[in-house]
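Hi,

Here is the structure I promised to pass on. Have a look at it first, and then read my notes below.

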Amino acid sequence: LGNKSGAITKSGVQLVTYRGEENFWGNIWTWVDGININYGKIFIKDHDFADDTATGYTDTGITCINANGYVSAFIYDEDFDWLFIAGEVVGSDALPVSDYFWQNVAQAWTVAELGAGWAHASSAGAFCWYLNDVSSYRHRHIGGRLVYVPTRNAEDYQTNINAWEEQLAA
């Protein structure tokens, strides 16, 4: 589907794409770089990632709820309104969000996984977080997505900036 949103059925399985992100919420856990959790306290960064540290990361002021369960409400902060971390977990696999939340606030450092594997069935979803593993954990049910992030020194970055500035000036 390219960069479109929609779904197709292939071999009897429905495949979903949202704004070019395939399998947006399921089939495999996805590592989420840039989120470090220390005893439930969430730190974020958008580049130059490092695990098990808050150095250079932004303290969100958000602390995970100390419970696992189906999400019934999210923690809201205007500066981090995109984070969707569970603030209450008294829902079910049907209502109101139907995605599960796992945490380990007793662990010094953990990292974030999103989505869930296909075997998690009704627990999986676009807001299904697993904030329970240490950064060194590896398993075949955890994947990642490749993303190209240009730096200010990259030739294509400067070309795009120049084109954008020309459009503004016109």
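Is Cys64 buried or exposed? Cys64 is buried, with a relative accessible area of 7%. Before you read too much into that, keep in mind that this is a predicted model.

Staying with the cysteines, I found zero disulfides in the structure. Cys64 is in none, and the nearest cysteine sulfur, which belongs to Cys128, sits 13 Å away.

Next, have a look at strand β6, which covers residues 58-63 and includes Thr60. Thr60 is buried, with 4% relative accessible area. A polar atom of the Thr60 side chain lies 3.0 Å from the backbone nitrogen of Ile62. If you leave out residues up to four places away in sequence, Thr60 touches Ile42, Ile44, Asp77, Phe80 and Leu83.

The partners are Asp59 and Lys41, and their closest N and O atoms are 3.2 Å apart. Because Asp59 belongs to strand β6 and Lys41 to strand β5 (residues 41-44), the pair ties together parts that are 18 residues apart in sequence. In general, side chains of opposite charge can pair when their charged atoms come close. Asp59 is partly exposed, at 36% relative accessible area, and Lys41 is also partly exposed, at 34%. Thr60, by contrast, is buried.

Which order do its strands follow? This is an open sheet of three strands, ordered β1-β2-β3, with antiparallel pairing. The edges are taken by β1 (6-10) and β3 (21-22); each has a single partner strand, so one side of each has no neighbour in the sheet. Between β1 and strand β2 (residues 13-18), the antiparallel pairing runs over five bridges.

Cheers

Note on methods: Residues are numbered from 1 along each chain as its sequence is written. This is a predicted model: local features need pLDDT of at least 70, side-chain atom pairs count only at pLDDT 80 or more; totals for chains, interfaces and linings use all residues. Side-chain values use heavy atoms; hydrogens and water are left out. A disulfide is a pair of cysteine sulfur atoms within 2.5 Å. Buried means under 20% relative accessible area, exposed over 50%, partly exposed in between (1.4 Å probe, protein chains only). Helices (H or I, at least four residues) and strands (E, at least two) are DSSP runs, numbered from the N terminus. A polar contact is a pair of N or O atoms within 3.5 Å; within protein, one must be able to donate a hydrogen and the other to accept it, and residues adjacent in sequence count only if both atoms are side-chain atoms. Contact means heavy atoms within 4.5 Å. Two strands pair if DSSP finds at least two bridges between them. A salt bridge is a side-chain nitrogen of Lys or Arg within 4 Å of a carboxyl oxygen of Asp or Glu.
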